[in-house]
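Please consult the sequence and the structure shown here while reading.

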Amino acid sequence: MSNLRIDADKCIGCGKCVKMCLADNLEVIDKKVHEKGTGCIKCGHCVSSCPKGAIELIGEEGEKPRKGWMDGSLISDEDLGKLYESMGGGKTGKEGEHVWMTTLQGEELDKYMDDAIGILKEHASDLPVVGEFEKWRERNDVLEPNPILWDGKQVMFIFSDSAERAFNASNKMIAKGFGMGIRGFHSNALMLAYKEDPEKLEAYFPGAEGKMHMAFVIGHGRRLIEPLFKPIEKVKGLFR
Ligand code: SF4
Ligand code: SF4
């Protein structure tokens, strides 16, 4: 069964997702991406890398698998530090590349979300989640999950000089988080907003300069819920 929903109307066949797929599960045929069926591991890298928002991860019943994953509590600074450490954050790579992350929460995240939605409204008005988000804001019901962040209250933004390095670092972070009971998902909408107007959103991240590669909604997983992401260490022979 497929883990992806691919919108062929949005796909422009650029192949960015193909390059980022750790499982070699994607290919572009006639300018549209297709799954090869070679064992998608639900890492979500294709979702984050697509400039057109053409890919979504889906769950067992064909639904978005994120609602109800997280218990709504905040990850402590100490635990965020452990996640950062697991990514090799700040260390210079062989080619002088490095990876770093910032996590937004609370009022700062609210403000960021408003700016991101403003950008999406202007540039990607056909995105249903924009309207859903605005209606959710109007209803002002604290018990109702945010249509973009669902139960997540924090978003980790991952930056690097190299997309591949950022994606590898995020895998290490996801594996570490898995062991700590932390869950997450790549936000398609937030990455699209960044791709549409990086300068506006970089006001939140001085020094980012086009280097954001991931917006990852994180939180503590609810008990007895299967993780979306398998630790990448368990998948052998996938790194190229
Ligand atoms: S979710 Fe990961 S493994 Fe699955 S197709 Fe996308 S990039 Fe490949
Ligand atoms: S990154 Fe997006 S637009 Fe490019 S081939 Fe993949 S699905 Fe299509």
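Helices (H or I, at least four residues) and strands (E, at least two) are DSSP runs, numbered from the N terminus. The model is predicted, so local features need pLDDT of at least 70 and side-chain atom pairs count only at pLDDT 80 or more, while totals for chains, interfaces and linings use all residues. Residues are numbered from 1 along each chain as its sequence is written, and chains are lettered from A and ligands numbered from 1 in the order in which they are written.

Just after helix α6, Gly181 adopts a positive phi of about 80 degrees. Helix α6 itself comprises 17 residues (163-179), and at 1.5 Å a residue it should span 24 Å, which agrees with the 25 Å between its end C-alpha atoms; the expected span is 1.5 Å times one less than the number of residues. Among the buried residues of α6 are Arg165, Phe167, Asn168, Met173 and Ile174. Here, buried denotes 20 or more other C-beta atoms within 10 Å of the residue's own, with C-beta atoms placed from the backbone.

Four strands form an open sheet in the order β5-β6-β8-β7, with antiparallel pairing; two strands pair if DSSP finds at least two bridges between them. Because β5 (99-105) and β7 (182-186) stand at the edges with a single partner strand each, one side of each has no neighbour in the sheet. Direction ignored, neighbouring strands are turned by 30 degrees against each other on average. Within this sheet, 6 bridges join β6 (residues 154-160) to the antiparallel β8 (residues 212-220), and Val155 stands opposite Val217 in β8.

Helix α6 packs on the sheet, touching β5, β6, β7 and β8, and its direction makes about 140 degrees with that of β6. Contact requires C-beta atoms, placed from the backbone, within 7 Å. Axes are lines fitted to C-alpha atoms, for helices over the stretch in contact, and angles run from 0 to 180 degrees between N-to-C directions.

| Ligand | Residues in shell | Nearest residues |
|---|---|---|
| Ligand 1 | 15 residues | Cys21, Ala23, Cys40, Cys43 and Cys46 |
| Ligand 2 | 14 residues | Cys11, Cys14, Cys17, Cys50 and Ala54 |

Terms used:
Near = placed C-beta within 6 Å. Buried ≥ 20, exposed ≤ 12 C-beta atoms within 10 Å, placed from the backbone. Contact = placed C-beta atoms within 7 Å.
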